[in-house]
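Subject: Structure handover

Hello,

Here is the structure for you to look at. Please open it next to this note.

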Amino acid sequence: MVSQTGTLTRRLLFVGAIVVYSAALTMGQIAGGLNETTNTRLGGNNYIVGTVYAPDGVPINTRMRIKLTSPEWGDILATTDERGKFVFSGVASGTYMIVIDREKEYEPVSQEVDIVRDRSTVPETYFVSIRLRAIEEKKAKNGPAVISAANAGVPKAALDHYEKASKLAHEKDYKGAIKELKQAVSEYPQFVSAHNQLGVLYLRLNEVNHADEAFRAALKINPEAYEPLLNRGISLYRLGKFKDAETSFRATLKVKADSAVSYYYLGRTLNKLGRNEDAEAALLTCLKLTPNDFNEAHRLLAAIYLDRGALPRVVEELEAYLKVVPTAPDAENLRQVIEQSKRALGRQ
């Protein structure tokens, strides 16, 4: 049992999302005939391979700008091909975000990829899938505007800057929006929503330290504000401050005990801290609360179970994932993991 699981673990590497690599993998096999391969020139020998899907689950059929960004290496711009596929080659170890944030029809979206710190002569391939969400157009209605309870009592001048910032952010002018939000908090320093939104925009620009400062400012005003607590946890996670991130996510759950997203990020954080039993519990709670919103939790659980040698649970989680994401770019690789796990179980 141990040797079979160990062999499978060596052949199949899980890091956050499931990653499959082979010593015999060539660039042609990795890219699958892609026209768009971007050499990052970072001195690494890894690949990030992915597909961008439209909201209906079908790969996009137009070229789209995509960005690979990290605090250490900065931004690297690329373009998908006409099938929504992209490849970043020469990727060094580190934590990266894949970002699409310049499409007028879609909400900004990002996905984290962790490249293992261990340097290896064997190229490793990290598969990701990105699903876009359409922007919901909000039609103006006659009558007075409705002010949320969170912004009740905020002076009109500060609210005006906040609304201008919202419009600029919608137009992807994040720097302009940040300028307006700074004006808003200058007019009214106790403006929690403005501090929080300032942090969100800094996260989109990958200015994580500035984001953390903004969330801390919001929490200084209201230590139990749900959104700043959650967002600060995410910023701490991206900064690699996993113990502090855990504290923030647990505080978030004290405010909103049924927050599936908090359980999801708590699970990811605990996994980073090497506390996989606690991570498992958090991820299972996330899926119980919202079975269809955090599909990547199935992949994280599969990684935990593979590390534990619990092959039946590996099969269960990967089959659950493929049931809801059958067109994942690495679906065939995941099916191979399932078959290898079943064969190993049959030999026991």
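Below is what was found in it.

This is a predicted model, in which local features need pLDDT of at least 70 and side-chain atom pairs count only at pLDDT 80 or more, while totals for chains, interfaces and linings use all residues. Residues are numbered from 1 along each chain as its sequence is written, and side-chain values use heavy atoms, with hydrogens and water left out.

Cores

Start with the largest nonpolar core, which has 39 residues. A nonpolar core here is a set of buried Ala, Val, Leu, Ile, Met, Phe, Trp, Tyr and Cys residues joined through side-chain atoms within 4.5 Å. Buried means under 20% relative accessible area, exposed over 50%, and partly exposed in between (1.4 Å probe, protein chains only). F249, Y264, L283 and V314 touch the most other members. At least two residues each come from α7 (226-238), α8 (242-255), α9 (260-272), α10 (276-289), α11 (296-308), α12 (311-324) and α13 (331-346). Helices (H or I, at least four residues) and strands (E, at least two) are DSSP runs, numbered from the N terminus. α11 gives the most to this core: 7 residues. Another core lies apart from it, with 25 residues, including L68 and I130.

F249 touches L230, G233, I234, S262, Y265, L266 and T269, leaving aside residues up to four places away in sequence. Contact means heavy atoms within 4.5 Å.

Helix α9

α9 has 13 residues and spans 19 Å from its first C-alpha to its last, close to the 18 Å expected at 1.5 Å a residue. The expected span is 1.5 Å times one less than the number of residues. In α9, 10 of the 13 residues are buried, so the helix is largely enclosed by the rest of the structure. Among the buried ones are Y264, G267 and R268. Their cover includes β9 (109-115), α7, α8, α10 and α11. Just after α9, G274 has a positive phi of about 80 degrees.

Strand β5

In β5 (residues 65-70), 5 of the 6 residues are buried. β5 runs antiparallel to β6 (residues 74-79), with 6 bridges. It also runs antiparallel to β8 (residues 94-100), with 3 bridges. Two strands pair if DSSP finds at least two bridges between them. I66 has A78 in β6 as its bridge partner, and T69 has M97 in β8.

N206 sits in the loop between α5 (192-204) and α6 (208-221). Its phi is near 65 degrees, positive in a residue other than glycine. N206 counts as buried, at 15% relative accessibility.

Best wishes
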